[in-house]
Amino acid sequence: MLRAGEDYLEAILSIEKKQGHGGVRITDVAHNLSVTKPSVIRSIKALMKDGYVNQEAYGDIYLTEKGRLKASQVLSRHTTIRKFLIDVLGVEEEQADRDACKIEHVVSSETMEKLSSFVAEEEGKRG
């Protein structure tokens, strides 16, 4: 999956969590990602074709089981990398968020597993 697709899935999941329910509007995704509505519509069509989301004509967007799993994985990578950058390296929050968004798409599984373990150990020490 391309980085943009992962960003859209992550945005949909994040918006769902903020709203407290499923079903996300195109407008909300566009605002979250700072893109145009036509860009969202094009990406949603591609995600629907690949089985990651469902959307009735002009309706809300819903993650499929496949989409929710992928979105959760991307969000988890983002959160872990962001924590590492802030808590361990002392990177400012906004910069850490931007960097985590870039790194989450290219980091290997092996590196991500070790980074996750490290962050969990550090949290345990602080706990």
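Trainee: Why is Arg82 called partly exposed?
Mentor: Arg82 has a relative accessibility of 27%. Buried means under 20%, exposed means over 50%, and partly exposed is in between (1.4 Å probe, protein chains only), so Arg82 counts as partly exposed. Bear in mind that this is a predicted model: local features need pLDDT of at least 70, side-chain atom pairs count only at pLDDT 80 or more, and totals for chains, interfaces and linings use all residues. Residues are numbered from 1 along each chain as its sequence is written, and side-chain values use heavy atoms, with hydrogens and water left out.

Trainee: What makes Arg82 and Asp97 a salt bridge?
Mentor: The rule asks for a side-chain nitrogen of Lys or Arg within 4 Å of a carboxyl oxygen of Asp or Glu. Arg82 and Asp97 come to 3.4 Å, N to O, so the pair qualifies. Arg82 sits in helix 4 and Asp97 in helix 5, so this bridge ties together parts 15 residues apart in sequence. Helices here are DSSP runs (H or I, at least four residues), numbered from the N terminus.

Trainee: How do you know that Glu93 bridges to Arg82 too?
Mentor: Same test: the closest N and O atoms of Glu93 and Arg82 are 3.5 Å apart, so they pass. Glu93 is in helix 5 and Arg82 in helix 4, so the pair joins parts eleven residues apart. Glu93, at 48%, is partly exposed.

Trainee: And Glu16, buried or exposed?
Mentor: Glu16 counts as buried, because its relative accessibility is 7%. The side chain of Glu16 still meets that of Arg68 in a salt bridge, at 2.7 Å, N to O. Arg68 counts as partly exposed, at 33%.

Trainee: Why is Leu89 called exposed?
Mentor: Leu89 is at 52% relative accessibility, so it counts as exposed. You'll find Leu89 in the loop between helix 4 (65-88) and helix 5 (93-103).

Trainee: Which residues form the nonpolar patch on the surface?
Mentor: Val88, Leu89 and Phe118, with about 240 Å² of accessible area together. Members of such a patch have over 30% relative accessible area and no salt bridge, and their nonpolar side chains (Val, Leu, Ile, Met, Phe, Trp, Tyr) are joined within 5 Å; like charges would be joined within 9 Å. The areas come from the Shrake-Rupley method with a 1.4 Å probe, and for residues only the protein chains shown count as cover.

Key: Helix = DSSP H or I, 4+ residues; strand = E, 2+ residues; numbered from the N terminus.
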